[in-house]
Amino acid sequence: MPPKRMTANRDRSHRYFPGKVEYAQDALSSDSENSDAEVSSAHQPAKPSLPKATSFPKDARLAANLSKINLDARRAQAAAQEAERLKREAEARAKEEEGFVTDDDNDEDDGSRREQESGSEEEEQEESTSSEDDVPKRRMPAPKFISKTNRKQHSVPVFNEEELAAQEDARRKERADEMLQLQLEKQAAAKAAGKKDWDDDEEGLADEVDDTDDVDPEEERALWKKRELLRIKRDRDAIESAEKEREEIERRRNLSKEEREAEDREYIDTQKEEHEGKGKMGHMQKYFHRGAYTFDADDETKQLLNRDIMGSRFQDDARDKSMLPSALQIRDMTKIGKKGRTRYRDMKSEDTGRWGDLGVRDRRKDGDHRLDERFLSDGDAERPGGTGANAYAVGERRKRVDDSRDGRRDDKRPKYGR
Amino acid sequence: MAHQADEKRMLDDRGYTGTLIRGANPLLLFEKPVRDRIVESMYWKEQCFGLNAATLCDRAVELENIGGIYGAAQKPSKFLCLAFKLLQLTPERDIVLHYLRQQEWKYLRALAAFYIRLCWQPKEIFETLEPFLADYRKLKRRAREGFALTYVDQFVDDLLTKDRVCATSLWKLPPRTQLEDLDVLEPRISPLGEELEDIDADRQDGRTEDDSGSDVEVLDDGHGLGNGHDHDNDTDVDGD
């Protein structure tokens with residue numbers, strides 16, 4: 001944030017606030033040296049006074065040592081160093097600027113001014129660093145003109161903190177770039193070695209099956225011969241079976257009709273035997289159906305499909321369920337004891353009709369045991385008028401109120417009398 | 001054909017103007033679930049984009065197995081992806097024949113055989129593929145779980161006889177006998193040719209005989225070749 005003095009009213013008198021840090025107005029004033037002089041002098045009264053109580057550690061030894069520190073010595077030393085340096089620079093400049101058409105006076109004045117400035121800056125810096133350790137104020141050194149020859153002489157360039165930081169960043173970036181490069185190279189090498197991303201699971205299993213040729217040429221050739229012969233055999237069998245079918249058809253055509261029927265009967269009989277050979281369904285046996293879905297299967301599956309399911313019994317299966325009590329005579333024995341089973345046994349036992357039991361018709365003439373006419377059979381009570389609801393004639397109609405008066409009632413609703 | 005980043009257009013029937021195989025977009029020869037798996041697979045997206053007939057060879061020579069769909073997630077094999085690419089490209093007859101007849105790379109040959117079985121007419125299929133029933137090189141087939149060993153001639157035989165190969169329902173091929181009856185094809189001459197006749201003659205005669213130059217053990221009991229101890233005779237030149 002820019003110091004408040006930049007925008008604040010310069011002419012306003014500065015009030016003292018305890019604890020408030022005053023910012024000096026640097027850049028805006030025209031004579032930098034004057035402002036510097038002012039600032040350097042004004043800096044001291046504007047400095048906040050030290051607090052009465054200190055949070056500094058109360059280590060006695062440390063405190064004692066502190067008091068011993070003499071900053072003046074350091075300042076004097078620094079000033080001496082500066083003076084030396086400036087002198088050297090001035091000499092060097094004077095040497096090579098002899099041919100220059102410049103204002104020597106100005107240069108010297110500038111040099112002296114700079115000396116003054118740098119000296120005062122040094123002081124300030126020392127003060128500021130001693131008094132405010134955590135926020136040291138940084139002053140940029142004023143740019144000096146160094147001619148081309150002088151530039152080369154700087155073997156150890158003096159960098160600022162910011163430039164140092166920039167150098168550090170550059171170095172870090174270099175290192176990161178190197179690491180990235182290494183990683184990319186590794187990836188490329190892995191790819192070249194054949195390890196691809198989408199084939200992770202293939203490597204281990206694939207080695208079990210070996211597809212290199214010419215491992216054993218004779219054996220391979222022999223295996224191939226075997227396969228080829230099998231193929232030929234298969235083709236020939238197909239041709240033969242087609243031939244046989246055609247022959248069979250021809251033969252049947254040539255037979256007479258009776259012979260054909262005889263053959264058919266034979267065939268059906270053999271089929272029946274096959275079915276009977278398979279287990280029959282016993283009384284109240286659970287019906288396991290294979291399922292209607294079939295497909296073109298190989299021999300094994302065909303055997304499975306044609307197996308005899310109904311003939312199989314499991315361990316506790318009773319062959320003759322009529323021996324069991326009626327509660328256990330259930331088709332599906334797994335449902336015993338469970339709530340949701342159906343009580344249905346078979347159609348015959350559940351049927352309530354009387355099939356072929358016509359004995360009841362003989363009892364028609366027996367008057368002693370004559371039933372109520374409602375329970376008689378239809379053939380029994382045949383009245384001339386009809387049966388059931390038609391058995392009686394309709395009685396007299398009840399008298400209605402509005403029949404007596406002809407059209408003289410006001411309300412339309414017919415009123416039925418009691 | 002322009003190679004666009006989104007290849008879904010090729011699966012869209014409406015604007016298709018390329019070659020028709022069996023009267024439809026050739027990509028429809030693969031079933032919908034298989035097509036979806038292929039198009040979503042990493043191999044297709046990374047490696048099969050923008051291939052032409054020449055660069056497809058580069059991919060095909062890297063093939064290591066044939067197969068259809070494998071794994072729980074129904075991942076398509078690279079063979080299947082490249083076959084799909086071939087269908088998309090519908091290269092010319094000569095190119096496909098070259099793929100088939102080159103001797104060096106067997107998986108490329110298998111790929112071409114697959115393509116031919118899908119796309120060409122029955123007569124051409126039989127005529128082109130039957131010579132390769134003599135190629136007994138090994139192939140690695142990726143089954144649903146794990147790998148299996150098979151042979152080029154076995155693969156070609158499957159293509160000619162089975163209904164489903166490599167996760168694709170093959171177009172129904174009329175049986176060879178039917179084509180022979182129609183005089184479209186001639187009866188097949190097996191590469192075993194002369195040896196076969198000799199075997200037949202021996203069988204009918206009821207004798208066992210070793211012919212010169214043949215290294216076939218005559219089958220009496222109906223078992224095939226390949227017994228370990230029979231091979232000792234195979235190295236003899238005379239065979240007597």
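Is Glu127(B) buried, partly exposed or exposed? The answer is given in point 1; the model under review is a predicted one.

1. Glu127(B) has a relative accessible area of 43% and therefore counts as partly exposed. Its salt-bridge partner is Lys123(B), with 3.2 Å between the closest N and O atoms. Both residues belong to helix H7 of chain B and stand 4 residues apart, about one turn of the helix. Lys123(B) is likewise partly exposed, at 37%.

2. Salt bridges with shared partners also link Arg227(A), Glu228(A), Arg231(A), Asp235(A), Asp153(B) and Arg188(B) into one network. Over all chains, the whole structure holds 28 salt bridges.

3. In chain A, Arg85(A) and Glu89(A) form a salt bridge, their closest N and O atoms lying 3.2 Å apart. About one helical turn separates the two, because they are 4 residues apart in helix H4 (residues 71-96) of chain A. Arg85(A) is partly exposed at 28% relative accessibility, and Glu89(A) is partly exposed at 26%.

4. Glu266(A), Asp269(A), Glu273(A), Glu274(A) and Glu276(A) make up a negative surface patch. Of these, Glu274(A) is located in helix H10 (residues 257-277) of chain A. Its relative accessibility is 57%, so Glu274(A) counts as exposed.

5. The largest nonpolar core comprises 58 residues, and those touching the most other members are Phe30(B), Phe79(B), Leu82(B), Leu111(B), Phe114(B) and Phe155(B). Helices of chain B that each supply at least two residues of this core include H4 (78-89) and H8 (152-161). H6(B) gives the most, with 11 residues.

Conventions. Residues are numbered from 1 along each chain as its sequence is written. Chains are lettered from A and ligands numbered from 1 in the order in which they are written. This is a predicted model: local features need pLDDT of at least 70, side-chain atom pairs count only at pLDDT 80 or more; totals for chains, interfaces and linings use all residues. Side-chain values use heavy atoms; hydrogens and water are left out. Patches are made of residues with over 30% relative accessible area and no salt bridge: like charges are joined within 9 Å, nonpolar side chains (Val, Leu, Ile, Met, Phe, Trp, Tyr) within 5 Å. Accessible areas come from the Shrake-Rupley method with a 1.4 Å probe; for residues, only the protein chains shown count as cover. A salt bridge is a side-chain nitrogen of Lys or Arg within 4 Å of a carboxyl oxygen of Asp or Glu. Lys and Arg count as positive and Asp and Glu as negative; His and the chain ends are not counted. The place of a charge is taken as NZ of Lys, CZ of Arg, CG of Asp or CD of Glu. Buried means under 20% relative accessible area, exposed over 50%, partly exposed in between (1.4 Å probe, protein chains only). A nonpolar core is a set of buried Ala, Val, Leu, Ile, Met, Phe, Trp, Tyr and Cys residues joined through side-chain atoms within 4.5 Å.
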